[in-house]
Amino acid sequence: MNCERWFLIGLTIICISALWRFIPKHRWRDAWVLFLFLQLITWPAGLFTVELGWIEYPTQLLPNTNSYNKSSFSFEFFFFPVIAIFFSLYFPRSKHWLIIILYYVGISGFFTTIEVLLEKFTVLVKYIKWNWYWTFITVNIALFLNDIAYKWFKKGLKQVQINEK
């Protein structure tokens, strides 16, 4: 197994540990909604960019993944949805609009920086007709749409108290 696959395994373990540690038990359903809805966005978007030849993922965590799906299973179906969970669960909704913009820029900038570093120093991501600013823009759009869907989902729900004996 090469170094990149070990990196993906380590990042997967870190993400699972972060989910376990930082999501309160009563918000796990919200986390699942956020996770699955972002996959709904990233699945076609990832296929679109890969099939048009804009970006390439030469190394996958599962060795035979590229023969079926050339998009990044790890990034688009796990790492980015995990970031979207934390983004929406800890969103500063009652803060000033400037704080909200900085929150978007900070999260998207963090994700974009990680991807650019991986593109420069590993064979996990290869930009063909892609630039870092496309990642930054699309991550912002995906996080925005995911948060709107989450707010819509939460709008009609009522808080239920469970009496445990």
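Is Asp147 buried or exposed? Asp147 is buried, at 2% relative accessibility. The model is predicted, and the points below follow from it.

1. Asp147 and Arg93. Their side chains meet in a salt bridge, 2.8 Å from N to O. Asp147 sits in helix α5 and Arg93 in the loop between α3 and α4, so the pair ties together parts 54 residues apart in sequence. Arg93 has 36% relative accessibility and counts as partly exposed.

2. The Asp30 network. The structure holds three salt bridges. Shared partners join Arg27, Asp30 and Lys154 into one network. Arg27 meets Asp30 at 3.7 Å, N to O. Lys154 bridges to Asp30 with the closest N and O atoms 3.3 Å apart. Lys154 belongs to helix α5 and Asp30 to helix α2 (residues 28–51), so this pair links parts 124 residues apart in sequence.

3. Asp30 is buried, with a relative accessible area of 8%. Arg27 is partly exposed at 21%. Lys154 is partly exposed at 31%.

4. Nonpolar patch. A nonpolar surface patch of about 770 Å² is made by Trp132, Tyr133, Trp134, Ile137, Ile141, Phe144, Leu145 and Ile148. Ile137, one of these, lies in helix α5 (residues 132–155). At 36% relative accessibility, Ile137 is partly exposed.

How values were computed. Residues numbered from 1 in each chain as written. Predicted model: local features only at pLDDT ≥ 70, side-chain atom pairs only at ≥ 80, totals over all residues. Heavy atoms only, no water. Patch = residues over 30% accessible without salt bridge, like charges linked within 9 Å, V, L, I, M, F, W, Y side chains within 5 Å. Areas by Shrake-Rupley, 256 points an atom, 1.4 Å probe, with all protein chains shown as cover. Salt bridge = Lys/Arg side-chain N within 4 Å of Asp/Glu carboxyl O. Helix = DSSP H or I, 4+ residues; strand = E, 2+ residues; numbered from the N terminus. Buried < 20%, exposed > 50% of the residue type's maximum accessible area, 1.4 Å probe, protein only.
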